[in-house]
Amino acid sequence: MDIIKPSPITVTEMREVLGVAKATAHKIIKDLGVQCLDEPRRKNKRLPPSEMRKVLIDRGYTYPKSAQIITFMMQKGGVGKTTSCFWLGLKFVSYGARVLMIDSDPQGNLTQTFGFNKIDKQLITKETPVLTDLYDPKSNLSISDITIQLTDYLSLIPSTPVNSTLERRINERYKNPAIAVSEKIKPVLKKYDFILIDCGPTLNTTNAAMILAANEVIIPMDPDDYSNMGLDQTLSEIASLERQFKSKVSTSIVYTKYD
């Protein structure tokens, strides 16, 4: 089974990002000793994440010293949460960022988007540890134990229907959901540049914990009346969490299915 992986940045895209001429781009590549992928038939050479990272650092870009946590949340389903999370994560990797993606939805849509079936006999089974296992009182698993490394720069914490017990386990162990996710993620904050969390379309304790752990909450939505209703409910829930836990949640609304 083929797992979907990030597409390397082309030299042309690198030029556009840096805002430099073709000759300057080739000089940068030469001076830094950048190794493009060995693809004889491809005219537009491509840079693997490690080399693109080298270029961006040389040009003054600073990657986060501690992982920035971005949660994708919207009360309404079908608005592009998983799609937005998936492609943003892959694009981050293409630009040399070290990314951990977390599927917290028992439906496992993010896991499936990578190419895993709901239950894959080779890689994802009923025994595969998922997020809920971190909160099992009988388990000593760490977040690293449940992480699958897909590439050198991309990792995934998958989800299966077993994650349906996550809500109950968080409620049993934490009076304050604000620390339920934060304390589990803390040991790997220095390992990644970005941690992206895909949530299910519901307002519950699990998603409250994901929201409160985030540096940024992205709310994808369609430009229609039903999504507006979901947006109002989502923003109201976030405002309630801010008041209850005396926290400030940074939010961004992203329109999908929009040209």
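1. Contact here means heavy atoms within 4.5 Å. On that basis, among contacts in the protein between residues at least 6 apart in sequence, 77% join residues at least 24 apart. The model under review is predicted.

2. Overall dimensions. The C-alpha atoms, taken along the principal axes, fill a box of roughly 60 × 40 × 30 Å. Of the 259 residues in the protein, 49% are buried. The secondary structure consists of nine helices and nine strands.

3. Seven strands form an open sheet with mixed pairing, in the order 5-6-4-7-3-8-9. Strand 5 (148-149) and strand 9 (251-255) stand at the edges; each has a single partner strand, so one side of each is left without a neighbour in the sheet. Elsewhere in the sheet, strand 3 (residues 68-72) and strand 7 (residues 194-198) run parallel and are joined by five bridges. Within this pair, Ile69 stands opposite Ile195 of strand 7. Helix 4 (residues 81-94) packs on the sheet, where it touches strand 3, strand 4 (99-103), strand 6 (154-157), strand 7 and strand 8 (216-221). The direction of helix 4 makes about 165° with that of strand 7.

4. Strand 4. How many residues of strand 4 are buried? Five of its five residues are, and the strand is accordingly described as mostly covered. In a regular strand the side chains alternate between the two faces of the sheet. In strand 4, Val99, Met101 and Asp103 point one way, while Leu100 and Ile102 point the other way, and all are buried. The charged residue Asp103 is thus listed with the buried residues of this strand.

5. Partners of strand 4. Strand 4 pairs with strand 6 in the parallel sense over four bridges, and Leu100 has Ser155 of strand 6 as its bridge partner. Strand 4 also runs parallel to strand 7, to which five bridges join it. In that pairing, Val99 stands opposite Phe194 of strand 7.

6. Helix 3. The buried residues of helix 3 (residues 49-58) are Pro49, Glu51, Met52, Arg53, Val55 and Leu56. These buried residues pack against strand 1 (9-10), helix 1 (11-18), helix 2 (22-32), strand 2 (46-47) and helix 4. Just after helix 3, Gly60 takes a positive phi of about 100°.

7. Helices 8 and 9. Two packed helices are described by the angle between their axes and the distance between the axes. For helix 8 (residues 205-213) and helix 9 (residues 225-245), the axes come within 11 Å and cross at roughly 70°. Helix 8 is therefore roughly perpendicular to helix 9. Ala208, Ile211 and Leu212 of helix 8 make the contact with Ile238, Leu241 and Phe245 of helix 9. The residues of this contact divide into six nonpolar, no polar and no charged.

8. Ser227. Not counting residues up to four places away in sequence, Ser227 touches Met74, Lys76, Val79, Met221 and Asp222. Ser227 and Tyr255 are 28 residues apart in sequence, and their C-alpha atoms are 9.9 Å apart in space.

Key. Residues are numbered from 1 along each chain as its sequence is written. This is a predicted model: local features need pLDDT of at least 70, side-chain atom pairs count only at pLDDT 80 or more; totals for chains, interfaces and linings use all residues. Side-chain values use heavy atoms; hydrogens and water are left out. Axes are lines fitted to C-alpha atoms, for helices over the stretch in contact, and angles run from 0 to 180 degrees between N-to-C directions. Helices (H or I, at least four residues) and strands (E, at least two) are DSSP runs, numbered from the N terminus. Angles under 35 degrees count as roughly parallel, over 145 as roughly antiparallel, 65 to 115 as roughly perpendicular and the rest as oblique. Two strands pair if DSSP finds at least two bridges between them. Buried means under 20% relative accessible area, exposed over 50%, partly exposed in between (1.4 Å probe, protein chains only).
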